[in-house]
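Try each task on the structure before reading on.

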Amino acid sequence: QVQLVESGGGLVQAGGSLRLSCAASGRSTYAMGWFRQAPGKEREFVGAINWSSGSTYYADSVKGRFTVSRDNAKNTVYLQMDSLKAEDTAVYYCAARTRALVATYDYWGQGTQVTVSS
């Protein structure tokens with residue numbers, strides 16, 4: 001089992017920044033991902049980080065504006081969001097992938113609301 005606790009959401013003006021945190025506990029993970037879901041839309045991938053190598057991956061829509069990082073000592077993953085746009089408004093979820101050969105995220109956080117006002 002993996003427990004994920006997110007924090008850091010809120011209201012910000014367009015062009016501003018927010019940093020989300022996701023504290024993980026329990027079994028070790030292969031990778032951590034960030035996803036988001038806006039009202040009336042499907043959940044979409046935002047970014048991910050390989051826990052051991054630190055390699056990162058991003059959706060085209062956030063590339064150059066968002067940064068995923070990790071703190072191994074704190075077992076915490078971050079999503080730094082800069083140059084925020086109104087279309088970034090969504091509930092953001094962190095997720096844990098526990099198996100290298102299975103590209104499925106097995107555990108999910110509770111979600112945190114990010115609202116960007118234009």
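Strands are DSSP runs of E, at least two residues long, numbered from the N terminus. By that count S83 is found in the loop between β8 and β9. The model is predicted.

**Exercise 1. The overall fold**

Solution. 
- Step 1. Read them in order. From the N terminus the elements run β-β-β-β-β-β-β-β-β-β-β.
- Step 2. Take the box. Along the principal axes, the C-alpha atoms fill roughly 40 × 30 × 25 Å.
- Step 3. Look at burial. Of the 118 residues, 44% count as buried.
- Step 4. Look at contact range. Take contacts between residues at least 6 apart in sequence: 52% of them join residues at least 24 apart.

**Exercise 2. The disulfide**

Task: Which cysteines form a disulfide, and how far apart are their sulfur atoms?

Solution. 
- Step 1. Search the whole structure. One disulfide turns up.
- Step 2. Name the partners. They are C22 and C94, with sulfur atoms 2.0 Å apart.
- Step 3. C22 is in strand β3 (residues 18–26) and C94 is in strand β9, so the pair links distant parts of the chain, 72 residues apart.
- Step 4. Find the hand. The torsion about the S-S bond is about 55°, so the disulfide is right-handed.
- Step 5. Check burial. Both C22 and C94 are buried.

**Exercise 3. The aromatic cluster**

Task: Which residues do ring pairs link into a cluster? Is the pair of F35 and W108 stacked, tilted or edge-to-face?

Solution. 
- Step 1. Count the pairs. There are four aromatic pairs.
- Step 2. Take F35 and W108. Their ring centres are 4.9 Å apart, with 55° between the planes.
- Step 3. Apply the cut-offs. Under 30 degrees counts as stacked and over 60 as edge-to-face. The pair of F35 and W108 is therefore tilted.
- Step 4. Trace the chain. F35 is in strand β4 (residues 31–37) and W108 is in strand β10 (residues 107–108). The two are 73 residues apart.
- Step 5. Compare burial. F35 has a relative accessible area of 11% and is buried. W108, at 30%, is partly exposed.
- Step 6. Widen the view. Ring pairs link F35, F45, Y105 and W108 into a cluster.
- Step 7. R43 lies over the face of W108, 3.9 Å from the ring centre.

**Exercise 4. A loop aspartate**

Solution. 
- Step 1. Locate D88. Its place is in the loop between β8 (76–81) and β9 (90–97).
- Step 2. Find the polar partner. The side chain of D88 makes a polar contact with the side chain of R36, at 2.9 Å.
- Step 3. List the contacts, leaving aside neighbours within four places in sequence. D88 is in contact with R36, R65, F66, S83, V114 and V116.

**Exercise 5. Positive phi**

Solution. 
- Step 1. Recall the background. Most residues other than glycine have a negative phi.
- Step 2. Check N75. Its phi is near 50°, a positive value in a residue other than glycine.
- Step 3. At 31% relative accessibility, N75 is partly exposed.
- Step 4. Check S83. Its phi is positive too, about 50°, although S83 is not a glycine.
- Step 5. Read the accessibility of S83. The relative value is 40%, and S83 counts as partly exposed.

**Exercise 6. A strand serine**

Task: Where is S7, and which residues does it contact beyond its sequence neighbours?

Solution. 
- Step 1. Locate S7. Its place is in strand β1 (residues 2–7).
- Step 2. Read the accessibility. At 39%, S7 counts as partly exposed.
- Step 3. List the contacts, leaving aside neighbours within four places in sequence. S7 is in contact with R19, L20 and S21.
- Step 4. S7 and R27 are 20 residues apart in sequence and 20 Å apart in space, C-alpha to C-alpha.

How values were computed: Residues are numbered from 1 along each chain as its sequence is written. This is a predicted model: local features need pLDDT of at least 70, side-chain atom pairs count only at pLDDT 80 or more; totals for chains, interfaces and linings use all residues. Side-chain values use heavy atoms; hydrogens and water are left out. Rings of Phe, Tyr and Trp (its six-membered ring) pair if their centres lie within 6.5 Å; planes under 30 degrees apart count as stacked, over 60 as edge-to-face and the rest as tilted. Helices (H or I, at least four residues) and strands (E, at least two) are DSSP runs, numbered from the N terminus. Buried means under 20% relative accessible area, exposed over 50%, partly exposed in between (1.4 Å probe, protein chains only). A charge sits over a ring if NZ of Lys or CZ of Arg is within 6 Å of the ring centre and within 35 degrees of the ring normal. A polar contact is a pair of N or O atoms within 3.5 Å; within protein, one must be able to donate a hydrogen and the other to accept it, and residues adjacent in sequence count only if both atoms are side-chain atoms. Contact means heavy atoms within 4.5 Å. A disulfide is a pair of cysteine sulfur atoms within 2.5 Å.
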